[in-house]
Amino acid sequence: MSKPSPDHEIAIIGAGPCGVTAGAKLSQAGLRDFVIIDRSTDAGGTWHNNCYPGVGVDTPAVVFDFAFSRNKAWSRVFAPGQEVKDNVLRVIDEYGMRPNLRFNTNVVRHVWDDENHFWRLHTESGDVITARYVITAVGQFPQMRDPHIPGIEDFAGKIQESAHWDTSFDYTGKRVAVIGTGATGVQLIPAIAPDVASLEVYQRTPIFAFPKPDFPIPAAISQVMASKTAAKAYYYAVTVVALDFVIIPLLHAPDSLVRVLFPRMDAAARFAHRAWLNLTVDDPATRQALQPPHGVITKRPTVSNRYHRAFNRDNVDLVTTPIERITAKGIQTSDGVEHELDMIVLATGHDSFADPEYYAPGTVVGRNGFDMGEFFAENGVQAYQGMCVPNVPNRWMLAGPYSFGVVPHVTAEAMTESIAATINAAKAVGHTRIEVDPEVHDRNHRTTLRRMRHIEYYFNVVHKGRSTYYINSQGRMAFLKVTGWRELMRNAKVAPLADYVHDAAVATPEREPVQIA
């Protein structure tokens, strides 16, 4: 009796830049039987969901480009968010992926079918989608973080979330508060300040916001930047040089060098930031409140030419008194003052793929009932090359533990090339289950932890006690991909199945999980 066939050969979860990258690279590899599933109403990922005033990139737009399909129409060095989304849609059309898209579909549970060697993806609506292979591309910050502010449901005015902005609400002339001064707040605050009656900015931790070298890009220059030669030079310069010849050597540097380097780096950043504040902020007390006392990468730094200057406006106030609760009328601070408001904007950050709490028990169930969420909770988040774990066959993550590369799009391209080569190699020998070898995975994870020791020293020793989303609840900085470019591509280019066990019917034996010291 023949085994049932899945609905799709490959399911990609997430229609943002990384998911679309995966679809394009799979197409290039001859793997066209895939579906791209997204819970939103359109493609673009974070650049579709985040449509708040002022949204845009805070690194040069070319970083958000695709090495295999360069955009010839960037209008500025730091492009607005809509241009990034348009670029994603352009690639979808270029590769004919519109029929592969499935929107308004929220996958809530992944269950591996041991007998038939495919995944059953359970959706919020109760449907089940089956696929031989799964690639998750949900992004580095897949959902907004609950700010846990008492009384938030009591507010009688408008609550706005940066990732779910209600564009139909007119805030002109309103009394507005923005809670949060991360990268989102830095963009949003100066964008709405001229239009509101009053704007209170609630700051818990100041941010390093350096000058933004932004200017229009002439069409002719944009064309040259998108040329094959320029694209190839950028691709290798940023990815290979930065990763293999700068970051990886730094991770291998002697402890004595790093312990000298980090304090000097922070001191230089604080000096430069204070000089920038002196040029842009009029009030000395406000300047002092906006100067970060912590290390430059303790809280993600950003760039802006408008953020600090917004506090020179008569209608903008910086509030550093802690919030006690939200009331029906507004915000009550710990000094007992109630601030009456018409709109409260939550710019309080997102949950991260580096947090074990993100991988809830029961949401990813692999071979023989293996629960990835429980495994991460008990043993720490981990993944071979940032992509996959033992006992979870035929499933890779483009945004998993230790997966954030120098350039996310380029890293996703490399990872998908590796995945596509592995799938094709398994198909060539008639095998339907591919699972990373436990010994290879554990060895890779030990290497990752060893390479991360300098970064974790910075957060856990140099800046001990500082609140930062870079360090998860397990005390690990599980963001960065500490794999060199050449190392990442070795298996895909030479022996795609070398680090995997694979077969057509028989599962591999159970194993003891690697423990984190």
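Tutor: Helices here are DSSP runs of H or I with at least four residues, strands are runs of E with at least two, and both are numbered from the N terminus. This is a predicted model, in which local features need pLDDT of at least 70 and side-chain atom pairs count only at pLDDT 80 or more, while totals for chains, interfaces and linings use all residues. Residues are numbered from 1 along each chain as its sequence is written, and side-chain values use heavy atoms, with hydrogens and water left out.

The axes of helix 7 (residues 255-280) and helix 13 (residues 453-462) come within 11 Å and cross at roughly 55°. An axis is a line fitted to C-alpha atoms, for helices over the stretch in contact, and angles run from 0 to 180 degrees between N-to-C directions. Helix 7 and helix 13 are therefore oblique to each other; under 35 degrees counts as roughly parallel, over 145 as roughly antiparallel, 65 to 115 as roughly perpendicular and the rest as oblique. Helix 7 contributes Asp 255, Val 258, Arg 259, Phe 262, Met 265 and Asp 266 to the contact, and helix 13 contributes Arg 453, His 454, Tyr 457, Tyr 458 and Val 462 (contact means heavy atoms within 4.5 Å). Sorted by class, these are 6 nonpolar, 1 polar and 4 charged residues. Ala, Val, Leu, Ile, Met, Phe, Trp, Tyr, Cys and Pro count as nonpolar, Asp, Glu, Lys and Arg as charged, and the others, Gly among them, as polar.

Helix 1 can be read in the same terms. Between helix 1 (residues 17-28) and helix 11 (residues 408-428), the axes come within 9 Å and cross at roughly 40°, so this pair is oblique. Their crossing is right-handed. On the helix 1 side, Pro 17, Cys 18, Thr 21, Ala 22, Lys 25 and Leu 26 take part, meeting Pro 408, His 409, Ala 412, Glu 413, Thr 416, Glu 417 and Ala 420 of helix 11. The contact of helix 1 with helix 11 has 7 nonpolar, 3 polar and 3 charged residues.

Helix 1 also meets helix 3 (residues 81-94), where the axes come within 10 Å and cross at roughly 20°. Helix 1 and helix 3 are therefore roughly parallel, and their crossing is left-handed. Pro 17, Val 20 and Ala 24 of helix 1 touch Val 88, Val 91 and Ile 92 of helix 3. This contact has 6 nonpolar residues, with no polar and no charged ones. Pro 17 is named in the contact with helix 11 and in the contact with helix 3.

Leaving aside neighbours within four places in sequence, Gln 332 is in contact with Ile 323, Glu 324, Arg 325, Thr 327, Val 337 and Glu 338. From Gln 332 to Asp 166 there are 166 residues in sequence and 24 Å in space, C-alpha to C-alpha.

How values were computed:
Left-handed = near helix turned anticlockwise from the far one by under 90°.
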